[in-house]
Every structure is written in C-alpha cells, then in structure tokens.
Amino acid sequence: MHEQKHIVETVKTGIIESIRGTGEVVDAAIDTVSGTLVHTLKSTGAVGAALTGTVSDVLRGAILGTAHVGADIRGAAKGGVIGVIRTTQEIGVEATESISAGARAVVKSAAEVGGDLGSAARSAVEGSIVGAKELGLRAEEAASAAASGAIKGAGEVSATAGDEVRRAVTGVIAGVKVAVKEPFKKAEERKAR
C-alpha cells in the first residue's frame, strides 16, 4: 500500500512540475508516465497483476496531478496511454493488458477529480491508437483494449458512467473502428434476456 501511494504521489508531483514548466499536458504525461513505468518496472521486475497495478497507479497520479494544476485531463489520458505503450515496447511486455489497465485507471481517476468520463475515456482510446501506430502495433487491438478497460473502470463508478463511457468509445475514433470486448458477465446477462 505504501509503495502504491508513493508511486501515485511521485507521478502527481512530476506531472505538476512538468505542466507548470512547459504548459504542455500530452508531452508531460507521455514523459512522466513512461519514465516512471520504465524505472519502476525495471527495478521491481513486476509482471502480471503487479504490472497492471503499477500502470494503474502511474496513470492515476498523472490524472490527479493534471487536475491539480487545472489542466485538461484529456491530454493526460491520451499522453498517459501513449506512455504506457512506449513502456511496454521498451521493457518487452505484452501491451494489451497494460493498455486496458491504464484506460480503466484514467476513467476511475477522472471520476475521482470530477472530470468528464466520456471525454477521458475517448482520449485514452485516442492515445492507444496513436501509440500503437507509432510503434507499428495493431491500432484496432490497442483501441479495443483501451475501450474495454475504460468501460470496466466506468462500470466500477456507476452503471450510468458505464453507459456514458460505452457511448463515448464505441464507433470510429481517429480513423479506427473500435470494437468493444464485452465482459463475460454482460454476455451471459444478454443470453438470459
């Protein structure tokens, strides 16, 4: 718990300083998120749940710090997910789970600071597309992972938030058709109807 809080506060402080220094949110988020993730993951060797937990903590710090300085959290959502994708490439881990965890954290953190969940989710999906294209990954897979994670995070906030985010991330975003993977429980509920 202490390590989790430390990561969130470290990223929050780094984002605040970077945004105040440059005024640029997307680049601040990319640099802070990827730098923190690379350092943390290389020093801890985190994999699996520890990896996705670290991604969540780092993205939460990015959103909280951005909101703290009154900047638009959409830039942090987009840049944060790009930073996650760059990190997965640099340290050689599979990106899909990290993208999903990052988008989930973005939405939950946006709710925490009173942000627009639909806009934050859409920006996270946009970041996944930009990051995937930049690194030669499949943009559709990255977008689907981000959309699914965002919907999951919103569903943990409220059913209304889940519906809002689902509408925001469904369809074509940045020229990519986003296919949302339904959680198993939801599919089972539809069959029962």
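Author: Helices here are DSSP runs of at least four residues, numbered from the N terminus. In this predicted model, Ala67 is found in helix 3, which covers residues 48–68.

Reader: Is Ala67 buried, exposed or partly exposed, and which residues does Ala67 contact beyond its neighbours within four places in sequence?

Author: Buried means under 20% relative accessible area, exposed means over 50%, and partly exposed lies in between. Ala67 has a relative accessible area of 28%, so it is partly exposed. Leaving aside neighbours within four places in sequence, Ala67 is in contact with Ile73 and Val113. Ser43 stands 24 residues from Ala67 along the chain, and the C-alpha atoms of the two are separated by 29 Å.

Reader: How should I read the packing of two helices, and at what angle do the axes of helix 5 and helix 6 cross?

Author: Angles over 145 degrees count as roughly antiparallel. Helix 5, residues 95–112, and helix 6 have axes that cross at roughly 155° and come within 9 Å. The two helices are therefore roughly antiparallel to each other. Helix 5 passes helix 6 in a right-handed crossing.

Reader: Which residues make the contact between helix 5 and helix 6?

Author: On the side of helix 5 they are Ile99, Ala103, Val106, Val107, Ala110 and Ala111. On the side of helix 6 they are Leu117, Ala120, Ala121, Ala124 and Ser128. By type, the contact of helix 5 with helix 6 divides into 10 nonpolar residues, 1 polar and no charged.

Reader: How do helix 6 and helix 8 pack, and what is the angle between them?

Author: Helix 6 spans residues 117–135 and helix 8 spans residues 159–169; they pack at an angle of about 40°, with their axes 8 Å apart. That angle makes helix 6 oblique to helix 8. The crossing of helix 6 past helix 8 is right-handed.

Reader: Which residues of helix 6 and helix 8 meet?

Author: Leu117, Gly118, Ala121, Arg122 and Val125 in helix 6 meet Ala161, Glu164, Val165, Ala168 and Val169 in helix 8. The residues of this contact of helix 6 with helix 8 comprise 7 nonpolar, 1 polar and 2 charged.

Reader: What is the crossing of helix 5 and helix 7 like, right-handed or left-handed?

Author: The crossing of helix 5 and helix 7 is right-handed. Their axes come within 7 Å and cross at roughly 35°. Among the residues of helix 5 in this contact are Thr96, Ile99, Ser100 and Arg104. Those of helix 7 include Ala142, Ser148, Lys152 and Glu156. The contact of helix 5 with helix 7 divides into 10 nonpolar, 5 polar and 4 charged residues.

Reader: How many residues does the largest nonpolar core have?

Author: A nonpolar core is a set of buried nonpolar residues joined through side-chain atoms within 4.5 Å. The largest one has 54 residues, and those with the most contacts inside it are Ile99, Val125 and Val165. Helix 7, residues 139–157, gives the largest share of this core, 9 residues. Leaving aside neighbours within four places in sequence, Val165 is in contact with Val107, Leu117, Gly118, Ala121, Ala150, Ile151 and Ala154.

Reader: Where is Ser144, and is Ser144 buried or exposed?

Author: Ser144 is in helix 7. With a relative accessible area of 5%, Ser144 is buried. Not counting residues up to four places away in sequence, Ser144 touches Val178, Ala179 and Lys181.

Reader: Where does Glu112 lie, and which residues does Glu112 contact beyond its neighbours within four places in sequence?

Author: Glu112 lies in helix 5. Because its relative accessible area is 45%, Glu112 is partly exposed. Leaving aside neighbours within four places in sequence, Glu112 is in contact with Arg60 and Leu64. Val157 is 45 residues from Glu112 along the chain, with 9.3 Å between their C-alpha atoms.

Reader: Which strand holds Ile173, and is Ile173 buried or exposed?

Author: Ile173 is found in strand 1. Its relative accessibility is 0%, so Ile173 counts as buried. Leaving aside neighbours within four places in sequence, Ile173 is in contact with Arg122, Val125, Glu126, Ile129, Ala168 and Val178.

Reader: What is phi of Ala174?

Author: Most residues other than glycine have a negative phi. Phi of Ala174 is near 50°, a positive value in a residue other than glycine. Ala174 is placed in the loop between strand 1 (171–173) and strand 2 (176–178).

Definitions and conventions. Residues numbered from 1 in each chain as written. Predicted model: local features only at pLDDT ≥ 70, side-chain atom pairs only at ≥ 80, totals over all residues. Heavy atoms only, no water. Axes fitted to C-alpha atoms, helices over the stretch in contact; angles between N-to-C directions. Parallel < 35°, antiparallel > 145°, perpendicular 65-115°, else oblique. Left-handed = near helix turned anticlockwise from the far one by under 90°. Contact = heavy atoms within 4.5 Å. Nonpolar A, V, L, I, M, F, W, Y, C, P; charged D, E, K, R; others polar. Buried < 20%, exposed > 50% of the residue type's maximum accessible area, 1.4 Å probe, protein only.
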